[in-house]
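Trainee: I'd like to learn how to read a model like this one, feature by feature. Can you walk me through it?

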Amino acid sequence: MMLGPIGFTAPWLLVALAALPILWLILRAVPPAPVRRLFPGVVLLLGLRDDDSVTDRTPWWLLLLRMLAVAAIIIGLAGPVLNPDDPAGREDNGPLLIALDASWASARDWPAKRELLDGMLAEAGRQSRPVAILRLSDPEEPLFQAAEAWRVRLSGLEPLPWAATPDLTEAAIDRLGDEAFETRWFSDGLAHDGRADLLQAFEARGPVSIYESPRPVLALAPARIADGLVQLTATRARFESARDVIVEAHGRDPSGVPRVLATLPLQFTEGALEAQGELSLPAELRARLTHFEIAGQGHAGAISLTDDSLKRREVALIAGREDREGLELLSPLHFLTQALQPTADILDGALTDVLPANPDVIILADVATLSGAEQAALLDWTNKGGLLLRFAGPRLAASDVSRDTEAPLMPVRLRVGGRMVGGAMSWGEPKALAPFSESSPFHGLPIPSDVTVSAQVMAQPDPTLADRVIAQLTDGTPLVTRKRIGDGQVVLFHVTANAEWSSLPLSGLFVQMLERLAVSSSLTAPDAADLEGTIWTPVQVLDGFGRLSDAGTLPGVPGDRLVAEALGPELRPGLYDGPDRRLARNVITAETELTPTTWPARVSVTGLIRPVEAPLGGWLLALALLLLTADILASLALSGRLVPARAALLVMAGLLIPDPGQAQGDDRTLQATSEVVLAHVLTGNGALDEAARAGLFGLGQTLFFRTSVEPAEPIGIDLETDELAFYPLLYWPITPDQPTPSAEAYARLNTYLRTGGMILFDTRDANVAGFGASSPNGTKLKQLAAPLDIPPLERLPEDHVLTRTFYLLQDFPGRHTGRPVWVEAAPPDAEKIEGMPFRNLNDGVTPVVIGGNDWASAWAMDDRLNPMYPVGRGFAGERQRELAYRFGVNLVMHVLTGNYKSDQVHVPALLQRLGQ
Amino acid sequence: MNQPAPLRSRAEAEAARLPPLLARAEHLAGTVLLGEHGRRRSGLGDDFWQYRPVQPGDSRRTIDWRRSARSDMQFVRQREWQIAQSVMLWVDNAASMRFASDDKLPQKSDRARVLALATAILLIRAGERVGMTGQSLPPSRGEPQLRRLTEALGRDGEDDYAAPDTSGLMAHGRALFISDYMADIAPIRAALTEAADRGIQGIVLQILDPAEEAFPYRGRTIFESVGGTLAHETLKANELRDRYLERLAARKDELAALTLATGWQYQCHHTSDSAQSALLWLYGAFERGQLR
């Protein structure tokens, strides 16, 4: 039975709903439970009789609550199910072909697809349908077999890092056979060539349904370098709303650990297919990049491997002579700098300074002689793979370098003087360049006709000369020679690097030659023609999920195919090593466009998620339980046995379990800030801390009764952890064994003292207010107070404001009497007015009061406000205690009122100053 | 109610609003002790009271020669007789007092203790001696006594209802009985008459909760005493209201008649009213007591 999307497994139980009205009548007649009440006047009630007994009615809302509970139970037991799987829908026992695109684009939703596939296979297994699975990116003959056999192999089924090419699609169509079957096609959401043919082929053999994730496919195009910035472009297949993605630049950190080096947020604006962004990375960082990736995508199309094209080579330029001021175009380095600047990082400096930086290339322009150490270092560097590029010039021509024997850092021997052609004083025309031979690295470069050479250094004919020439003039004289040294090489241009000897540096050919020599890296990706005839070996390859793995024994790929051909089983995306560089072949190239699939209206397309069948019975029964609980509470409330506050407390306790630690700290802060709180320093000595607490409690009570200061409970302060700023007064009893605070604690104590706090030091031994070193407490006080920022002290003078803030006092006894108390000294220039010096510092409040009278013990009260410690004897003792309280009151008043009381003392003087 | 400290501070707060109460002793016998205030008659004391002519029987030593030399008669210098009076408190600490019909109202016992202690503070400030009936606390004066009173008042009793305890009452002293007087009337009557027989002037303060005065209950109810010893079930509590109020009025009348007969003073105080008004009345009651 179905009611909208809800079906019932046992619909006949619903008949019981008809019994509800009867239940209503029964329930409403029950008298309420008696209410128990405490009532002292019950004595007067004894013996009184009721006139008649009356039943009361249950309130209608309680009845309704119970009805609802019963109805929920009945419906819950009837077994309602939301979105029931209708088993009648798919009754087909024919063979089933499951076609998977299995391309990189389907890798992202692969787990969902696999789950759906698993469900399908299980269902097919129940219906005992033969199943075949066809991966369109790697088509094989469909093999119909039991679904269970496929389920076992399901975990091994993975997407491949390429998409179905027309060839592969054709192969798949060829292998379908003639048998009729139902097709379920898991599409990756991207249009590939040959889709329509394949769909026709499937439809010819039976019904087709398409499964396709509605989530858009994102891809990352290869990074490009423009103006020194890395340009990144993400593309998507469908026009959709605005979306933010994050592109991560992965690489190795200096210790070689792979990590994300930078991130770049990109935003697809609404309706845009592309999102572009630029990333500025230092050259060092860029050299360590391995790949870019759109975060959270997890397929090969969202990964763009980087190769040498991103790396900028470091080139050190060293000229043989100093630049002459004002003749920049004549500078030997000017044209080199211009040619290299866009593509390479140029290092300047002396040779010995540059070498430790290990540049890729060192260019010596017209440098003839090198010191021994320089030469050795340079030779060593070249041996290790450096490229030393030398240009000739007047100095080289005039020197004896490589004259008789070949210098280690010269490719050839040179003849004396060189030659000049086509000048005013010489015969002949300036010479042009001859076409490059096949063995030359410059092979294939077009030679502009206007490049001429008018002067050059000449190579001595040697047996090795022919091998070393890589460019020559039309008359056969070498123009560029090269010699390999270890892993590196030395290349000599027989002309100058400026336009003095030839027009070569002015031409585009110069830049191309430098590029071929790998002095500079090219800005454009190589095309097929460039790479023809080269073989590239894969180093690392990507799988469909975008994971890099070692290429292993995969065969090499010809260069032209590497660049031009579409990816497939023979050409996997990954990193390829070539003759002198490394190339990355990415799934997405700069030309790749993502187009979404378009299916004809006749085929059904569903998402990857099927509506899950949800039994509702449990929920309804739970609801019934909740209602019954509410009924219990309501019944209790009706009979007066439920204290509302307690119920609320229970509910709250169920809802909130606060973090006790946090709450405690907050409580303390709240308590300390919402009222005046006296604080004492915890010394670690339990008895002493308790005495200090009781003392401050007693003082607080005294303040409460006598003054408008109404302090809360005192607080013990741990100097290491607690915030001090909340407390106006710190009582610090001294004991020889208390720990010395840490440096941080002292820093906070000093802040506290400077910002108006007061510490009352109490040595409690009655004899060291004079502070001889005799007592251990005094010694400890000295030690404790040494790092504190305490101003000069003086004995509490008779005119000090502390003697008159509330009571007029001349003695400050605690349990001990008579010892002097020390406070901040009045400034030496304090003007005495009527015998009372002004004290302006710190708002007139002394930051410390030091004494030894054990005030806390005199103040201490227990919870019943009885004094805890004896003071003196008899009435004299009580008087002494009273004075101790008065001292405490004065002290707190002094702290809290600041200079107000001080000003009060000086009112006559102030009025006089005001001229009244 | 085992928190003497707040009890005392609140009592101090109540007491702070009234001027010191100077009770005057009417009866000299029995409890004569020297106090700080004069009794307006001659006796043993420090302050000058009057000169009177010498009468037969006066010792010659008592003649004030300076005064006598100014006239032809001999005068005797009399000093004012200073005494302190003993005031005994009895505060019902039975379970029935620990009742409040609403969270916002104080318990009856709480109100009773505050009033008793406030009165005690006034009396002690005035130099009187205050104690508790029973054997617990003999009358004494001074701050320490206040502390002891506070402690003694803080004790809760076990019984459900209690009648005044007349043991330890000093003859011709004064007494203050505070209770809800819900207990059996016979012991109350006995206690009051016995106290009156011993020449004691006293005050009966009845403290009731507003719910006891109004009986705002309805429906099926089981009423229980606070101690749990008594219970009464009714199906319609509102039906009982009138009859309950009659009985309560009868109890009040009986108390009033009793105090009238014994020369005491009676007042009923509700916990919903301010404690200040009750204390004012007590102050006045002690004043009135002096006039008799």
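Mentor: Let's begin with one residue pair: Arg795(A) stands opposite Trp822(A), which sits in strand 40 of chain A. Before we go on, this is a predicted model, where local features need pLDDT of at least 70, side-chain atom pairs count only at pLDDT 80 or more, and totals for chains, interfaces and linings use all residues. Residues are numbered from 1 along each chain as its sequence is written, while chains are lettered from A and ligands numbered from 1 in the order in which they are written.

Trainee: Which strands does that pair join, and how many bridges are there?

Mentor: In general, strands of a sheet pair through backbone hydrogen bonds, either parallel or antiparallel. For the record, two strands pair here if DSSP finds at least two bridges between them. Helices (H or I, at least four residues) and strands (E, at least two) are DSSP runs, numbered from the N terminus. In this case strand 39 of chain A and strand 40 (residues 822-824) of chain A run antiparallel, joined by three bridges.

Trainee: How do I read the sides of a helix? Say, which residues of helix 4 of chain A are buried?

Mentor: Count neighbours: a residue is buried if 20 or more other C-beta atoms lie within 10 Å of its own, exposed if 12 or fewer, and partly exposed in between, with C-beta atoms placed from the backbone. In helix 4 of chain A the buried ones are Trp110(A), Lys113(A), Leu117(A), Met120(A), Leu121(A) and Ala124(A). They span an arc of only 100° around the axis, so they fall on the same side of helix 4 of chain A. The arc is that of the directions from the helix axis to the C-beta atoms. Pro111(A), Gly119(A) and Arg126(A) are exposed on the other side.

Trainee: What do the buried residues of helix 4 of chain A pack against?

Mentor: Strand 5 (96-100), strand 6 (131-135), helix 5 (147-153) and strand 7 (182-187) of chain A. After helix 4 of chain A comes Ser128(A), with a positive phi near 45°.

Trainee: Over to chain B. How many helices and strands does chain B have?

Mentor: Eight helices and 11 strands. Of its 292 residues, 42% count as buried. Six strands of chain B form an open sheet in the order 6-5-4-7-8-11, with mixed pairing. Strand 6 (137-140) and strand 11 (265-270) of chain B are at the edges with a single partner strand each, so one side of each has no neighbour in the sheet. Inside that order, strand 4 (residues 86-91) and strand 7 (residues 174-179) of chain B pair in the parallel sense over five bridges. Val87(B) stands opposite Arg174(B) there.

Trainee: How many residues does each chain give to the contact between the two?

Mentor: Chain A gives 24 residues and chain B gives 31 residues. Strand 3 (35-38) and helix 2 (42-45) of chain A are the elements that give two or more residues to the chain A side. Strand 3 of chain A runs parallel to strand 9 (residues 221-224) of chain B, with four bridges joining them. Val35(A) stands opposite Thr221(B) in strand 9 of chain B.

Methods: Two residues are in contact if their C-beta atoms, placed from the backbone, lie within 7 Å.
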